[in-house]
Amino acid sequence: MLECKLILVLLGARRVNIQSIQFTKFPTTVGCGALLVWSLYALLVSELLGSLPVFETLSFMFFVSFLFMAFRLTVKRQWSLIKEQPFLIWLIGVLGVCGSDVAYISAVKYAPPAHVDFIDYLWPFLVIIFTGFLPKERFSLKHSIGGGLGFLGVLLLLTGGQGFFGFKDHYLTGYLFALTAAVIWSSYIIFSTWYQKMPMEMVGMFCGIGALVSFGLHLQFEEFVTPTPLQTLLVLFLGLSSGIAYLFWTYGTQKGNVKMLGVLAYFTPVFSMGLLVFFEKEPMSIVLVLACIMVVSGVVVGSLDWGRVRAAVAGVYS
């Protein structure tokens, strides 16, 4: 009973009203669903890029995402909403959604997927920093500490715990691509949070343009490689799940707690790392464990309301 009381207070419930808790937390929970989908990316992309070219993979993924959103718009009869969007929305959307995916998948070609994933997930830290400069937002010390711990965890993994001398410069191209993906995606999240009139289905339209551009680049710079049946299924899954994840994330960031989602996103590379280790894509090491511990510590520091923690503990034991 004491544990239940403590949990309810931490959730911010003054009364035992489960329906109220679920209602107020729903958009943020939906956003977490997107994080679960994205935790599979590193494993699946590493499988695909073993033989498939980057832009061929992207063109298929983007096209599947576009078809999913187009079907949704057709069923809801809301194509008119797409026509109403200004050019700036199209420009920022294509650069944000497609640009981040291009940078991420390119990074996996030049660096280990585990390293790419950890660098890419600096974007929650960047979101926390950028959000603090938005109107009516406040930059919190606990978010700074939490994000800093996650950042140090990334550095620990990249250097192997050996400081500057452990940095592998032959992976630098991949690292730069991954960092670019983090900057692009965090900027897009801030924009979508600020401009909430954009329909969530616009993400599919961005992917449609991304599919055309990627296919053109594929024809120009790559040779077509026939995917295996397994690779075809993986591409279909990534494309479909990407469309669903973007819907979830846009809804979560527009209607939920964007700072909380930014901090919780640090769980994603930890789970992703576990999958890479399990499927022998990344060797288990003490440095890897310590890096994950630092990331999780950043989540705990940045996500909890420490005032409520103290009040909960005092109320339980008073």
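Author: This is a predicted model. Let us begin with Trp185, which touches Trp38, Gly96, Val97, Ser100, Trp123, Tyr246 and Trp249, leaving aside residues up to four places away in sequence.

Reader: What makes these residues count as touching Trp185?

Author: Contact requires heavy atoms within 4.5 Å, and Trp38, Gly96, Val97, Ser100, Trp123, Tyr246 and Trp249 meet that requirement with Trp185. Ring pairs also link Trp185 with Trp38 and Tyr188 into a cluster. In the largest nonpolar core, which has 78 residues, those with the most contacts inside it are Trp38, Tyr104, Trp123, Trp185 and Trp249.

Reader: How many aromatic pairs does a search of the whole structure find, and why is the pair of Trp90 and Phe206 called edge-to-face?

Author: The search finds 7 aromatic pairs. For Trp90 and Phe206, the ring centres are 6.2 Å apart, and the limit for a pair is 6.5 Å. Their planes stand at 80°, and planes over 60 degrees apart count as edge-to-face, so the pair receives that name. The pair links distant parts of the chain, with Trp90 in helix 6 and Phe206 in helix 11 (residues 202–221), 116 residues apart.

Reader: How do you know whether Ser106 is buried or exposed?

Author: The relative accessible area of Ser106 is 8%; buried means under 20%, so Ser106 is buried. Ser106 lies in helix 6 and touches Val54 and Phe177, not counting residues up to four places away in sequence.

Reader: What describes the packing of helix 6 and helix 7?

Author: Two packed helices are described by the angle between their axes and the distance between those axes. Helix 6 (residues 87–110) and helix 7 (residues 113–120) pack at an angle of about 145°, and their axes are 8 Å apart. Tyr104, Ala107 and Val108 of helix 6 make the contact with Val116, Asp117 and Asp120 of helix 7. By class, the residues of this contact are 4 nonpolar, no polar and 2 charged. The crossing of helix 6 and helix 7 is right-handed.

Reader: Where do helix 3 and helix 12 make their contact, and what is the handedness of their crossing?

Author: The axes of helix 3 (residues 41–48) and helix 12 (residues 229–255) come within 10 Å and cross at roughly 145°. Their crossing is left-handed. Helix 3 contributes Tyr41, Leu44, Val45, Glu47 and Leu48 to the contact, and helix 12 contributes Gln231, Leu234, Val235, Phe237, Leu238 and Ser242. This contact has 8 nonpolar, 2 polar and 1 charged residues.

Reader: How many helices and strands are in the chain, and how much of the chain do buried residues make up?

Author: The chain has 16 helices and 0 strands. Buried residues make up 49% of its 318 residues. Among contacts with a separation of 6 or more, 88% come from residues 24 or more positions apart.

Notes: Residues are numbered from 1 along each chain as its sequence is written. This is a predicted model: local features need pLDDT of at least 70, side-chain atom pairs count only at pLDDT 80 or more; totals for chains, interfaces and linings use all residues. Side-chain values use heavy atoms; hydrogens and water are left out. Axes are lines fitted to C-alpha atoms, for helices over the stretch in contact, and angles run from 0 to 180 degrees between N-to-C directions. Helices (H or I, at least four residues) and strands (E, at least two) are DSSP runs, numbered from the N terminus. A crossing is left-handed if the near helix is turned anticlockwise from the far one by less than a right angle, and right-handed if clockwise. Ala, Val, Leu, Ile, Met, Phe, Trp, Tyr, Cys and Pro count as nonpolar, Asp, Glu, Lys and Arg as charged, and the others, Gly among them, as polar. Rings of Phe, Tyr and Trp (its six-membered ring) pair if their centres lie within 6.5 Å; planes under 30 degrees apart count as stacked, over 60 as edge-to-face and the rest as tilted. A nonpolar core is a set of buried Ala, Val, Leu, Ile, Met, Phe, Trp, Tyr and Cys residues joined through side-chain atoms within 4.5 Å. Buried means under 20% relative accessible area, exposed over 50%, partly exposed in between (1.4 Å probe, protein chains only).
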